Each structure stands twice: as C-alpha cells, then as structure tokens.
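The exercises below are meant for someone meeting this structure for the first time. Please look over the sequence and the model, try each task, and then read the solution that follows it.

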Amino acid sequence: MSSAVSVSDDVRSGRRPARAVAEQALAAVGAGDGELRAFLTVLADEALRQADEVDATVAAGRDPGPLAGVPVALKDNLCTRGVATSCGSRILEGWRPPYDATVVTALRGAGAVTLGKTNMDEFAMGSSTENSAFGPTRNPRDRGKVPGGSSGGSAAAVAAGFTPLALGSDTGGSIRQPAALCGVVGMKPTYGRISRYGLVAFASSLDQIGPFATTVEDAALLFDVLAGHDPLDSTSLPSEPEPTRPGVHEGAEGVRVGLCRDLVDDCAPDVVARVHDAAEALAKAGAKVQEISVPEFRYGLSAYYLIAPAEASSNLARYDGVRYGLRVEAGDSAAMNTATRTAGFGSEVKRRIMLGTYALSAGYYDAYYAQAQRVRTLVMQAFDRAYASVDVLLGATAPTTAFDLGSKVDDPMAMYMNDVCTIPSNLAGHPAISVPFGTGDDGLPVGVQVLAPALGEATMFRVAQAVEAHAPVGPTEEAGW
Amino acid sequence: MTVPAETDSWEMVVGLEVHCELATTTKLFCGCRNAFGDEPNVNVCPVCLGLPGSLPVLNEHAVELAMRIGEALHCEIRPSTFARKNYFYPDQAKDYQISQYDQPLNAAGWLELPDGFRVGITRAHMEEDTGKLTHVGESGRIHSAMHALVDYNRSGVPLVEIVSEPDIRSAANARAYAAELRGILVATGASDGRMEEGSMRVDANVSVRQAGSTEFGTRCEIKNLNSLRSLGRAIEYEAARQIALLEGGGVVEQETRHWDESAGRTESLRSKEEANDYRYFPEPDLVPLAPDAAWRGRVRAGLGPMPAERRAALGAALGGSPTDAEADQIRAVVDLGLDGLVTAAVDEGAPAGLALARAANEVAAQAEGAAGLPAGSFAALLSMEAGGQLSATQSKAVLGALLERGGGDPAALAKEMGFEALGSDTLGTVLDEIIAANLDEWGRFCEGEDKLQGFFTGEVMKATKGKANGKEVAAELRRRRG
C-alpha cells in the first residue's frame, strides 16, 4: 500500500496524476465498502474534481501542497459545506452545513482530496460504531468484529486500504481505540492544537480532531497540516506549532519511557504481552524504560462519564426541530421538541443526555459535575508528577482486541470500559497515539499507546515510530495502490 | 385595588434587573451586524444561529463597553468566566444562553440617585441576547397563536445585565434609579438606552414587609416594563397587591408576573415550581476573561464625566443653586447630552438661564438637529434675543431654522426671515408719539417713578411689533429723562 507521503511525492513530482489516485481510491471503496460500510457519503464527483485541480496545479508548475492528491476520509461530524453531515444521527439526517470546518479548509489548502464522510457512533457516543443510526461498520480485519468507535468508519476506511488518511475525533479515545482495533495508527493531539471549528460538539472540553494513517510518519504529516491557531476557536492555542514530521525517524534513544502499570494491568493477557514486547523493543532501541504507576488514572473513567455527558446534554440541546434537521410536528413547540428528540436520538445518546442533565441539576451539581472536575484536576496533577521522571508513557490503547458485533450493545458499562486507557489523556488535554503492535491470540491487531505531555507531539511521534519500526506484523489488507 | 402601596405599617422592597444592549457594531460572539429594525434573519451566521460545529469568539469591544459600565457604576472589575444557562426556547438558537454566573466581570458597585440615595449594584455581567418570537394568530396572543416566527437578528447581540441590591423602597426611587442608570449607559457610550426599542429592559423584584422588619418578604419578579411610567405603576400595583394579600391573611407566592399596561395590573406568568433549573456550568468553548490592570486603566481614563457630575458642572456654570424648575431643565439637558452646548454658549456670552431654557425645550424638541448646532450660532442668537434685537418668539423661530439647517449665521437668518431690528431714528419717532399720548405717565417717570420704564418699553414693543431693542429703548428713555 502506498503511504500518504509517497502518494504526495509522486503527485507533486508529476510521476502519478492525482486523478489516477482518486479513481483508484473510489474503485476500492466501490468494490469493498458495500460490505464494510465505512462510508456514509462517498464524494466521487467532488474527489475527481479536486484531483483534477491538483493535477492542473502541478501542470502549471505550482506546488499543490504537502497532501497533494492524497485521499482523506472525513468523520461525519466534521462540517462540509453543502455535503450531508449527520453525525450518525437521524436528527441530522440530510443536514447540509453552509460552511466548512477549519480542518476541511486546511485539507483543501494542502492539496488533499476529500473522499467522503465516514460512519460513526451517533454524536461520537460509543466504542463500536454500532450506535450509528445508519447501521454498523464492520472491521476490515474480521467482518464479524466491530471496528471500534466512535470513529469506526474512518479507522475501517484506512485499514481496508480505501484511503491512506482519514480524520476522526477523540473525546475519550474515539480515534485511538478504533485505530487499535483496526490495526492502524490513530492520534489525538494536544487540546487546542487543532481547531474544533466545524467539529460538531460532543463534549467540548474533551473533543479533539486527529489523524488516522497507516504509518506514524503519515499521521505526523497530516497533523502538521492541521496544527495551528484558528481565530474561530477560542480554545485554540496561540503558539505556532513546530513541524513534527522531520523528526519522526530520529529514534527513541535516550528517551525516558514510563511503562504505566495502570494503563496495562487490567487488559487482556495477550494485550498485556504485546505492550511488554513494545517496551522491550523500545529498550533495545536505546530508550530508558522504567515501570511507573499512576493510580489516579483509574478514577478517570468515572469522572469522564460525568463530564462528557454533562457537556453533551447542553451541546445537544439545539437539536430541537426548530431550525434544521428532523422535525416531528406536535401540538406546541415544547411538544414538538420532545417528539423530535424522542424520534431523532438513539438510546445511547438519550442515556447520556439524561445522565448529564442529572449531573448538572440543582442539588446534584456539587456531588457529580463539580466532583468530577476535581478528579479531573487530580488526574492532570498525576500526569505532571509522572512526567517529572519520564518523557512519555507507554500503555495499552484498548483492553482487548476487536470484539464481536452485537456482543456489548446491551451492556453500556462493558462498552464504556473500552475507554479506560484512553480517557486520561482527554481529561488532561494531552496528546496520545495508538500504534499497531502485533496481534492478540485471535490474530487481530493490538494497539500500543504512547502518551506525552501537552505539546509533546514531536517526542510522541518519534517514540511511536520506534515502536512501529519494531512491530512484528504489518497491515494485512492490501489495496494495491 | 384600593389599598395604598405604602401604608404606615408596610414597606416595599425593590431590586431591579436591567438588561442593556451594548452599542457595538457586531454581535457578542460573531461578526454579524448588531442592528435594530433590519429585515428578519439577515444578520445571521453559523455562530449566532447555533449551527452544529460553530464556536463563539468573544467581541473585545463588547468587553470594553461592559467594563465602562462597571467603572461608571463603581464596580470592581474582576477576572471572570462565562457559563451556559440551559433552557429550551425557540428564540434561543443553541437552547442555552452564554452568560456569566458565579464569576461576573463587574461586581459590588453602587449608583447614586439625584437625591443622594445610593443603590447597591450586586453585579453587571455580560451575556448574549436571544432571537425574537412573533406569534402569528388572530389575536397575536401566545395562547391563540397558530404558529410562531423567529427572527435571529437579535440572537447573540451583546447585553450587560445590571442587578441592583434590594435597596429601593419606593416606586419613585425605582424610576429615579432606572432614569439615572439610563443616563449613565448613554454617557458611557455603552448603549443608546432606548426602552421603547428594547435596548434597555427592566425587570423588578418586588416584596413587602412590615416597616422596621429586617427580614425580606417573598418576592415576585415583574416583567414587561417598557417605560419608566410602566415601571412605577407596576411596582405600586404589585406592592399594593401583596399588602392586600397579606392583610387578608394570604401568602405571597414566589413567581414571575407579567405587567399588563393597558389593564394596569400584574398577572401570574409562572410559579417557582415551573421555573427552569438552568443547570449552569462553565462554558467550555470560551476561555476565562481577566482584563489586566493596563486595560482597566485605559477604560477608566477614557471615561467622560457621568450625568451627576455633568449636572453639577452645568449648575455651577449657571451660577448658584438652581430652582426646582431649573433642576428639571438641567436633568433634561444632561440626559440629552446638550450640556456641552449650553456651557459653550454661556462661555461665548449667552445668558445662562436663557441658554438652559432654550436647550431644555426648543433644542430638546429637535434633538436630532442638536448635534449639528454650533455653540457659536446658538450663543449669538441668544445674545441677539437678550439684546432686544429679536423678540422671544422671533428668536425661537430662528432657533428652529438653525436646528433644521444644522447651524448658520443667526443674524443673516433673522434678516432672511424678516425679523430686522429697528433703526434708532425710527425709535426716536415712535417714542415721540408715545410720550405725546401719555404725558401724565411721562411726567411721573421724569419725577423718578422708575417702574414706568417697563410701561414705556412695552408700548414701544407694541408699536414696533417687538422689533425694538430693549436695551436701546431703556438707554433712550434714560437719556430723555435727563
């Protein structure tokens, strides 16, 4: 499979037309996505038009940008002007935003070709993509398994070889966990490093957009294109980002790696074994690996499942049938709101709206929401203490390999446990990346997670690349680029 | 309602919540125009429509205006945060309002009424306005509406909500507070203070208690107070209603009540049980707002004098302590921002009392033209009137023309309008005729009966249809008396 780096190099140098790349990607989607259902919308005409523009730019002797002709799939919670953006929900079915998300504009500016919109758990709430109102996505490594979630469509599209790059969003692990389950690279940046403008909000203080790729270097390439200040997002960091891709291959020598027991011990034995293998590989590559414990991480899940629903209960209030999306008529506007939301939201979204509404209610706020914020502060302080002695942390991404479709849909707690290793980075606003590292006993991919302090993306990518370089098995799916 | 609002044994306790629309060019969290009266839904974008994925960005000028209000109300300007106030309503694009809750920008200030009474200001915080609902149906009333239309032009317009302490004890004080606050809002440049356009909206929290009690009674919040008159009437009515209720052995229920101006009464809108739980929590899409000392200093330094100070200055320029009538004129002149015109005219030699009266009446009546009226023209005109070259009626007519034309030379204008002063030859002839016809009075005047000067002046004015110069007439009379 061609990497984004090689596609871009080929297109920029004129060795390969962007149109041929786009046609190949569209053909792959056409052949394989009927079964996988990674995409909700395929933008065939638009992709070809964009590819032609890239080719015209090359022909005119100008540089189309670092993602010249590289196909990118977009999670369906990223606003695309005039293109349906449903967030996997009936309530937004057919809604066409009048504007592009900042990341979409940045992709176009870098010469990327947007291939389509990918399936997801409704409003990014879920860990299997089974909460999509439009049906689940299947795992390309095993059609009977879930791809993880909530960005399961984007992870599957990359894993299936439909596209070298995709974007997802990560609120509690929604990029990293599906990356792990599908055997691709998935990364969540520092909070505020990539603009959230145009990302339909789930939990605003936790949401971050990030890349899926087949290699760490490709992820760094895409991250570099998207990182930077956006005046349209008040939480966007003002500092100029340093490019990370140039240092990706510098290796892990001398880097202090903390093998974090609290991100490993409760996982399945085969996952634990792979993380230890990765630690050993890093040590062989010259990293200073030590075991470390951050017990506060264990409280992250509880805090997350109060903070995220609380914010979601407010963020999702606007889907009331008044201005856009679904409307179910009823006697008066309040009844219309209720009827619309009852019909438009799925059960997991309703569960979290109720949970969050309760957590913010008068008389319960201090015991739930405020308490969860205090725990969040403790988790951040615990990270700070850990990073006093190590540069990065190493752990598992998900507790198990991909599980059977349908096996956890009726057990929310079991589903929530998928995020236990990824949530701490969201609570702290730190970057983290999942890198495929071998397989479990079932032959399915295992993801190893590298966590770094705020704005530590460069070091994180270097360590992740070192892990990747020593990984025992590469991706199994070939698109034949 | 026959029970008086304030009997000897009862005292009303009133606190006011004033929403003030800030006079910014653009909205609080987006670049859309902040304008009143445009076609519906033209000043909208993804942010103020609350479209999925949109995010708010705070308007720096709105913060500046809010800080000016804080400074003018002697508030502490503090590090603050925004919060979400959650409730469902179709005029609210996001179904939550971005407001400030436990950490407002301005807190702990005061406002001094013209009589010297100080009303505490609890807080003056920033928030966004909602859109506007129009119920479409036969009567235009909510309960019979067939459907409603929403205009989001107002959605996201910046507001400052100014909350007073429950320090007010009479309807008159409530009106004085609202009037004084309005003057301050206009003077800071933060708002145009137009109650009729909704750019200043007042809600009143009213309770009553036995005089001398230190406990507060149960309060009701009165909404829909669209004028100072409504504010005063509604408070009187509501206090009387509560007193009658309590004296009849009943209890006051905490509720929100609607003032019906035409019926002259308040009506229950919703009870405490129906009140929303707003589920406030910190707005995660915005960062804390903590203006630094330098910014606060710039705001303080840029603030002009407030109405009280300007009234005092105008009073001083007029010399001595003003009469009640003059105090009213001073207040009107300062409220309309005409005090600069009056003091400048006085500086140029216009008689102070005349300048004040003309500004408070004739200029105020054509306030739109006042901005274009040069103090020099105004002063020259008033001097002509005082000098007798123009009668009061003529002077007012010329002033009207000056205001209409936005200035000009009053002498030329007077000539153009046919208000020419009398030459001294003509005066001599006229006076000859008047003395001849009133020889008895003339004799008494010559023997020292000074008050007859007024009689002769009046006769001259009558004969010349007011064209004679009063000063010249007096001089001529004295000269002839010898």
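## Exercise 1: The fold of chain A

In chain A, 77% of the contacts with a separation of 6 or more are between residues 24 or more positions apart. Keep in mind throughout that the model is predicted.

Task: Describe chain A by its helices and strands, its extent along the principal axes and its radius of gyration beside that of a compact globule.

Solution. Begin with the secondary structure, where chain A has 15 helices and 11 strands. Next take the extent, for which the C-alpha atoms of chain A fill a box of roughly 65 × 50 × 45 Å along the principal axes. Then turn to the radius of gyration, which is 21 Å for chain A and agrees with the value near 23 Å that a compact globule of 481 residues would have.

## Exercise 2: The fold of chain B

Task: Go through the corresponding steps for chain B, and state what radius of gyration chain B has and what a compact globule of 482 residues would have.

Solution. The secondary structure of chain B consists of 16 helices and 14 strands. Along its principal axes, the C-alpha trace of chain B spans about 90 × 55 × 55 Å. The radius of gyration of chain B is 29 Å, but a compact globule of 482 residues would have one near 23 Å. As for burial, 41% of the 482 residues of chain B count as buried. Among the contacts in chain B with a separation of 6 or more, 70% come from residues 24 or more positions apart.

## Exercise 3: Where the two chains meet

Task: How many residues of chain A are in contact with chain B, and which helix of chain A supplies the largest share of that side?

Solution. Start with the count, in which 33 residues of chain A are in contact with 26 residues of chain B. Then look for the elements involved: helix 9 (300-315), helix 10 (333-344) and helix 11 (347-360) of chain A each supply at least two residues of the side that touches chain B. The largest share, three residues, comes from helix 9 of chain A. Sorted by class, the residues on this side of chain A are 17 nonpolar, 10 polar and six charged.

## Exercise 4: Two helix pairs in chain B

For the second pair, the axes of helix 8 (residues 352-365) and helix 11 (residues 392-405) of chain B come within 10 Å and cross at roughly 60 degrees. B:R358, B:E362 and B:V363 of helix 8 meet B:K396, B:L399, B:G400 and B:L403 of helix 11. This contact has three nonpolar, one polar and three charged residues.

## Exercise 5: Details of the backbone

Task: Which residues does the cis peptide bond of chain A join, and is A:T129 buried or exposed?

Solution. The cis peptide bond joins A:G149 and A:S150, with omega about 10 degrees. A:S150 lies in the loop between strand 3 (113-118) and helix 5 (152-159) of chain A. A:T129 is also placed in the loop between strand 3 and helix 5 of chain A. Although A:T129 is not a glycine, its phi is positive, at about 65 degrees. To settle burial, note that 34 other C-beta atoms lie within 10 Å for A:T129, so A:T129 is buried.

Task: In chain B, where is B:R279 placed, and what is its phi?

Solution. B:R279 sits in the loop between strand 13 (265-271) and strand 14 (281-282) of chain B. Its phi is positive, about 45 degrees, although B:R279 is not a glycine. With 25 other C-beta atoms within 10 Å, B:R279 is buried.

Definitions and conventions
Residues numbered from 1 in each chain as written. Chains lettered and ligands numbered in written order. Predicted model: local features only at pLDDT ≥ 70, side-chain atom pairs only at ≥ 80, totals over all residues. Contact = placed C-beta atoms within 7 Å. Helix = DSSP H or I, 4+ residues; strand = E, 2+ residues; numbered from the N terminus. Nonpolar A, V, L, I, M, F, W, Y, C, P; charged D, E, K, R; others polar. Rg over C-alpha atoms; globule rule 2.2 N^0.38 Å. Buried ≥ 20, exposed ≤ 12 C-beta atoms within 10 Å, placed from the backbone. Axes fitted to C-alpha atoms, helices over the stretch in contact; angles between N-to-C directions.
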